[in-house]
Structures are given as C-alpha cells and as structure tokens.
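Please consider the following structure with attention to how its parts are held against one another.

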Amino acid sequence: MTDFKDRQRGEEAKFAMDEETAFKVAARRNRLLGEWAAGLMGLTEEETAAYKKAVVQADFEEAGDEDVIRKLLGDLTAADADVSEADIRAKLEEMSIEARRQYMSES
C-alpha cells in the first residue's frame, strides 16, 4: 500500500513540475513574440518592455494560443505592419522552440 501511495505522490509531483515548465516556456515564448512584434511596430525600448508584458497577460484571457494570436494580429494590423495570421502562427512555433531551448539550457 505504501508503494502505491509513494508512486501516486511521485506522479502528482511530476505532473505539477511538467505544468510549471509548460507555463514558464509559454510565458517566455510570449515575451519573445512581444519583442518580435514590437520591433515590427518600431516601439522604443520602454514601450517594448511594456508590450512584452501585455502579450504575456493576453495569454491569460482564454485557453490556447488564440488570444495571443488575436492580440498580435490586431496590434500589428493597427500599426500597418505587413504581417498575416499565418506569419504570426509560424513565428509562434519558432518562438516556442526557442523558448524551450532557452529554458532547458538554464535548467
């Protein structure tokens, strides 16, 4: 019985660690996306820092990536940047890989 409870606690701890890692990687990805979009919009350094935080915050609106994509597309369109939704989705995938690489190299 103790072995089963130990195994269950271990699985719960692993799940919590995996969820925390996914959250940190997603937040890092969103900061990278915000930095990319800020560059396209020609924002200053201070504006870029604030925008990166806004992109991270946008991810809390709903589950999945659609809220982030919608924010970036709206902001880039308003800034007359020549970027499509497909471009944003491609950049999201690229930044996901980069964020995971950065996170793993720090761990």
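Which residues does L76 touch, leaving aside those up to four places away in sequence? In this predicted model, L76 contacts W36, A37, L40, M41, A81, V83 and I88.

L76 also belongs to the largest nonpolar core, which comprises 19 residues. Together with L33, W36, L72 and I88, L76 is listed among the residues with the most contacts inside that core. At least two core residues come from each of helix 1 (2-41), helix 2 (45-58), helix 3 (66-78) and helix 4 (85-106). The greatest contribution is that of helix 1, which supplies six residues.

One aromatic pair is found when the whole structure is searched. Its members are F23 and F60, whose ring centres are 6.1 Å apart; the ring planes meet at 25°, and because planes under 30 degrees apart count as stacked, the pair is assigned to that class. F23 is situated in helix 1, whereas F60 lies in the loop between helix 2 and helix 3, so the pair ties together parts separated by 37 residues in sequence.

Helix 1 also contains R31. Its relative accessibility is 36%, and R31 therefore counts as partly exposed. Beyond residues up to four places away in sequence, R31 touches K52 and V56. Between R31 and I69, 38 residues apart in sequence, the C-alpha to C-alpha distance is 13 Å.

Technical notes. Residues numbered from 1 in each chain as written. Predicted model: local features only at pLDDT ≥ 70, side-chain atom pairs only at ≥ 80, totals over all residues. Heavy atoms only, no water. Core = buried A, V, L, I, M, F, W, Y, C linked by side-chain atoms within 4.5 Å. Buried < 20%, exposed > 50% of the residue type's maximum accessible area, 1.4 Å probe, protein only. Helix = DSSP H or I, 4+ residues; strand = E, 2+ residues; numbered from the N terminus. Contact = heavy atoms within 4.5 Å. Phe/Tyr/Trp six-rings, centres within 6.5 Å; stacked < 30°, edge-to-face > 60°.
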